[in-house]
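Dear colleague,

I am handing over the structure we talked about, which you will find just below.

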Amino acid sequence: MKKFSAMIATLFVLIMSGGAIGANSGENSFQLKCAACHSIGGGDQIGPDLMGVTKRRDPNWLSQWIIHPDKMLNEKDPIAMELLKKYNQVPMPNLGVTEAEARDLIDYIAAQSETQKKDSAVPAQQTTQEPPSAGVFFGGLKGVQLTALVVFFVLSTIVVFVFWQIAKSTRQPVPTIDMKSAYKLRKWFFFGTAVLVFGTLIATLPKTPYPDDFQTPDRLVYVAAKQFGFSFSSEPITSASDAGQSTIINSLELPQGALIEFRVTSLDVNHGFALYDADHSIIAQTQAMPGYTNRLRVRFPKPGTYQILCLEYCGLAHHLMHAAVTVR
Ligand SMILES: [Cu+2]
């Protein structure tokens, strides 16, 4: 009976916290920019647990830190230096947080800390929305992934076998070759390959997934990747300070079936930008490169949530670099 009521309570908390997603901008920003490294009451992750931090720290220090941690580390702020040492010298990155956003974030952290305290009967872990871990995506291989793996092993075996045979044959004396039939064979091999290659190209090129390149997209979304998150805007994002502006879209919602053009760049190192459907299959991807803007055109086939993951190892928290698009 006790177990049962605990289960109901947990379920209730999960439903409540699920329902609250998107309810306020502080929560959205936190999920987007902070949850990769921090929990509130779920224990230390890459950064410290933020439960009660609004009481622990001077409010002014707190907002300064959230807005530009890089500056405070450069200026050797004593608290910042102590934290840096404690958290394995991983510096918290500047996430382009505006003053207003910092206020929302601090309110959200304070409110969450209170809620956690009241709900302490329920294990705190279950009330925070943890980011999906890499295991969710790549843990259980099945379907296309499993097929790809099997094909890879079969092809590798063939390649290894062929090389082994060739290596073996070089140790035998060279047989005399009938040059006339060898040339004839070469000619047939050349034409055969040419027909095969051009045939395949003609048959498959029209099916390449670059939709409507001459059409104006229905919607432009500018994307800036930065260790360790993505910012979205309807205007170009060219610097970390742009990334903190009010044009930033906190939760990305896009219409189903419309032609969307993502213009993807990076503000620091190379990142990936890969869109995954509900089955965790990639539907489109491009690189996010500093100094370049890559265009990626997509039509989302179905409504639902599409995950965005970074596909380039970009640093310590790379595996936590993710975002989501809601398609309606
Ligand atoms: Cu990455």
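Helix H7 (residues 99-118) has 20 residues and reaches 29 Å from its first C-alpha to its last, close to the 28 Å expected at 1.5 Å a residue, where the expected span is 1.5 Å times one less than the number of residues. Helices (H or I, at least four residues) and strands (E, at least two) are DSSP runs, numbered from the N terminus.

Please keep in mind that this is a predicted model, in which local features need pLDDT of at least 70, side-chain atom pairs count only at pLDDT 80 or more, and totals for chains, interfaces and linings use all residues. Residues are numbered from 1 along each chain as its sequence is written.

The buried residues of H7 (20 or more other C-beta atoms within 10 Å of their own, with C-beta atoms placed from the backbone) are Glu-101, Ala-102, Leu-105, Tyr-108, Ile-109, Gln-112 and Gln-116. They cover an arc of only 125° around the axis, which puts them on the same side of H7; the arc is taken over the directions from the helix axis to the C-beta atoms. On the other side of H7, Glu-99, Ala-100, Lys-117 and Lys-118 are exposed, the cut-off for which is 12 or fewer such atoms.

Turning to the sheet, five strands form an open sheet in the order E4-E10-E9-E6-E7, with mixed pairing, where two strands pair if DSSP finds at least two bridges between them. Its edge strands, each pairing on one side only, are E4 (252-254) and E7 (282-288). Strand E6 (residues 271-276) runs antiparallel to E7 and is joined to that strand by six bridges, and Gly-272 stands opposite Gln-287 in E7.

Best wishes
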